Structure formats: C-alpha cells, structure tokens
Amino acid sequence: MAASDPETAQSQMDEIDALSSIYGDDWCVVDEDERIFCIKISDCLEQPKWTLCLQVILPSEYPAAAPPIYQLNAPWLRGQDYMELANSLEEIYVKNLGESILYLWVEKIREVLIEKSQLSDTAGPNVEKITEEIDEDDEDNEGDYSLEYQPVQEDTVKTLNFVISESQEDEELPPINHGNPISDRRSTFQAHLAPVVSPKQVKMVLAKLHENKKIASATHNIYAYRIYCEDKQTYLQDCEDDGETAAGGRLLHLMQILNVRNVLVVVSRWYGGIRLGPDRFKHINNCARNILVEYSYTSSAEESSKQLGKNKRVRKDKKRTEH
C-alpha cells in the first residue's frame, strides 16, 4: 500500500522499525504490502495472566491525516471493557493528531492489563472466545454456503488442549503444510494441514502451530480432524470453533463429505474489522478443500465440488421423500 507522500511513508517506516525493535517477538507483520501488523500485549513478561492482541492497518495518510484502523482481539474483551478501552485509544489519537501513536496505544493497553491483573484474584480471565460476526441472517442465507451444515455426532472425543505430557514426547511430530491465503475485505484465511494417526499427534501439531507468533495471533484458529481406527472400523474425529460459531462443525462436515482420513486441518482467520457474514464460512471451507486437494487427500477441486453438490441433492431428495 503506497503512502500518500514520501514524508508520511518515512514516518510510517520509522515507527514500524522502532516498534519492531522495542517489542521484538511480540511484534508481528501480518501483511507488509497492506500494512497490517499486530502486537501481543500482556500484563507482565514472566507469567502473564491478561493478554490482548492489537491488530492495526496503517492507511496511506497515517499519521499525518488519518488514524490507524485497529482491532482489539482478546477472548475476555467485550461489552463495557471493550468500549472503555476503545474510547481511551481514540482519546489518545485526538490528543496527538498528526503524530505517531502506536507506542502510546500499546502502553495504554498494557496499563489497563496491569490494572486488571492487580484487581483480579483469579489466575486470569475467562478465555472463551466469541465471534466478531453477527449471525442473525445466516439461517436465511444458508444456500450461500459451500455446504450445508449438519451437527457433529455426539460420539466424538472432547476438545483437545495443547499441553503435551512427558509420555507423549516419544510421538513423532508430523510434517505441517501451509496453504495459500485467501483475503476478503481485510480478513485473511489460511489453512494448515498435517497427517495424523493419533490424538497425541493432533495435540503436538496444534502446539507447534501456536509457537508461530503469526498463527497464535489469529482471531480464530478453527480445526477439525478425522482418524480412522482400523481395529474398531470407525473414525475418531473432533472439531473446534475457537470462537467462530459453528465453523468447526462445518469444517468437519466438509471432511466427512470428502471422506478424508488421518488428517488434521486448521484454518486461521485474521479478522480485519469488516464483518463478512456467511462468506466467512465459504472462505474457511474453500481454504480447507484447496489444501486437501493440494496434498492429495481428495480429488481435484472440480471433483470435490461435484461431490458436495451430490450430497446436497441426496439430502434434498430425502427431504422430499419424507414429506
């Protein structure tokens, strides 16, 4: 993204270099061309209890004549807490018009996190994520999805955590592959794939992915896996929305339709501040289908599309028969 004039461009570059130097690994470049950056902020370095990811998009006119476009990402941040923090950041911008303000924003956020840590007697906030999207019209737009959602069967295993015990250290970490990103209205989606034959390997892959600061900073990391158990002639499968309501179930349903086995698919979404509505599910599933095709877990994209269409027709015919 080209800046409006050399002085403004230089000011942006100087600020980015300074922030990268000050915050080190906590500073992350999401998309350099689009000037999208994020920084992980916490109440302390050693044992952080409260953390937040500040994602910013720098317009070509920043800092001279426009503010950064920002998104505050934290599972616990909502309602009044969000509004108060957003008001504080906007107040800083107004008081420093025409100046670089990202450092001031980061330190203000850190100040808020420290205050929360001091006032809280618990180990930290409730970390349940919520989606930024509003789904009031999703049911009416179901025909727009790349597949129809069906609830996951209840015999799947519980959601995995990322803690790897000593007994699991002998398990080999599978290779992890990364798909091509899809961008739409400042949101970016990217799929990651790994062959897995046990829940231990699923945990290991998830933990390894979260070591990547860019992936860890994603607004949502949705995943699903299917493992075929030869001895029981059945599938071990599970999924996780990570706050993007119903996305994990839709992803697993796609994998069931394509009849893939022994594979984990994770789709990272970096939310850009503009709600996509039902389109987000299409992007999540298209990312997943593309990487499954690329690594030969299913047929070509054209053939898998036919398979999806066939399953839709079967379900519609079944509904007509029932009536």
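In this predicted model, a polar atom of the Gln201 side chain lies 3.1 Å from the backbone oxygen of Glu172. Gln201 belongs to helix α4, which spans residues 199-209. The relative accessible area of Gln201 is 10%, and because the limit for calling a residue buried is under 20%, Gln201 counts as buried. Leaving aside residues up to four places away in sequence, Gln201 touches Glu171, Glu172, Pro174, Pro195 and Val196.

The side chains of Lys208 and Glu211 meet at 3.3 Å, N to O. Lys208 is partly exposed, with a relative accessibility of 39%, whereas Glu211, at 59%, is exposed.

The next stop is helix α6, residues 247-257. Of its 11 residues, 10 are buried, so the helix is largely enclosed by the rest of the structure. The buried residues include Arg250 and His253, along with Ala247, Gly248, Gly249, Leu251, Leu252, Leu254, Met255 and Ile257. After α6 comes Asn259, which has a positive phi, near 60°.

Empty space inside the model is the next topic. Rolling a probe the size of a water molecule over the atoms shows where such space is left. The structure holds one cavity of 30 Å³ or more, and the largest cavity contains about 40 Å³ of space. Its lining is made of Gln55, Val56, Ile57, Ile69, Tyr70, Gln71, Tyr271, Gly272 and Gly273. Strands β3 (51-57) and β4 (69-73) each contribute at least two of the lining residues. Sorted by class, the lining has five nonpolar and four polar residues, and no charged ones.

Charged side chains are the last topic. Side chains of opposite charge can pair when their charged atoms come close. The structure holds 10 salt bridges. One of them joins the side chains of Asp81 and Lys116, at 3.5 Å from N to O. This pair links distant parts of the chain, with Asp81 in helix α2 (residues 79-95) and Lys116 in helix α3 (residues 102-119), 35 residues apart. Asp81 is partly exposed, with a relative accessible area of 29%.

A salt bridge also forms between the side chains of Asp279 and Lys282, at 3.3 Å from N to O. An α-helix has 3.6 residues a turn, so residues three or four places apart point the same way. Asp279 and Lys282 are three residues apart in helix α7 (residues 279-294), so about one helical turn separates them. Both partners are partly exposed: Asp279 has a relative accessibility of 23%, and Lys282 has 26%. The pair is also part of a network, in which salt bridges that share partners join Asp184, Arg185, Asp279 and Lys282.

Key:
Residues are numbered from 1 along each chain as its sequence is written. This is a predicted model: local features need pLDDT of at least 70, side-chain atom pairs count only at pLDDT 80 or more; totals for chains, interfaces and linings use all residues. Side-chain values use heavy atoms; hydrogens and water are left out. Helices (H or I, at least four residues) and strands (E, at least two) are DSSP runs, numbered from the N terminus. Buried means under 20% relative accessible area, exposed over 50%, partly exposed in between (1.4 Å probe, protein chains only). A polar contact is a pair of N or O atoms within 3.5 Å; within protein, one must be able to donate a hydrogen and the other to accept it, and residues adjacent in sequence count only if both atoms are side-chain atoms. Contact means heavy atoms within 4.5 Å. On a 1 Å grid over the protein atoms alone, a cavity is a set of points where a 1.4 Å probe fits but cannot get out, and a pocket is an open set with protein on both sides within 12 Å along at least five of seven lines; lining residues have an atom within 4 Å of a point. Grid points are joined across faces, edges and corners, and a volume is the space filled by probe spheres set on the points. Ala, Val, Leu, Ile, Met, Phe, Trp, Tyr, Cys and Pro count as nonpolar, Asp, Glu, Lys and Arg as charged, and the others, Gly among them, as polar. A salt bridge is a side-chain nitrogen of Lys or Arg within 4 Å of a carboxyl oxygen of Asp or Glu.
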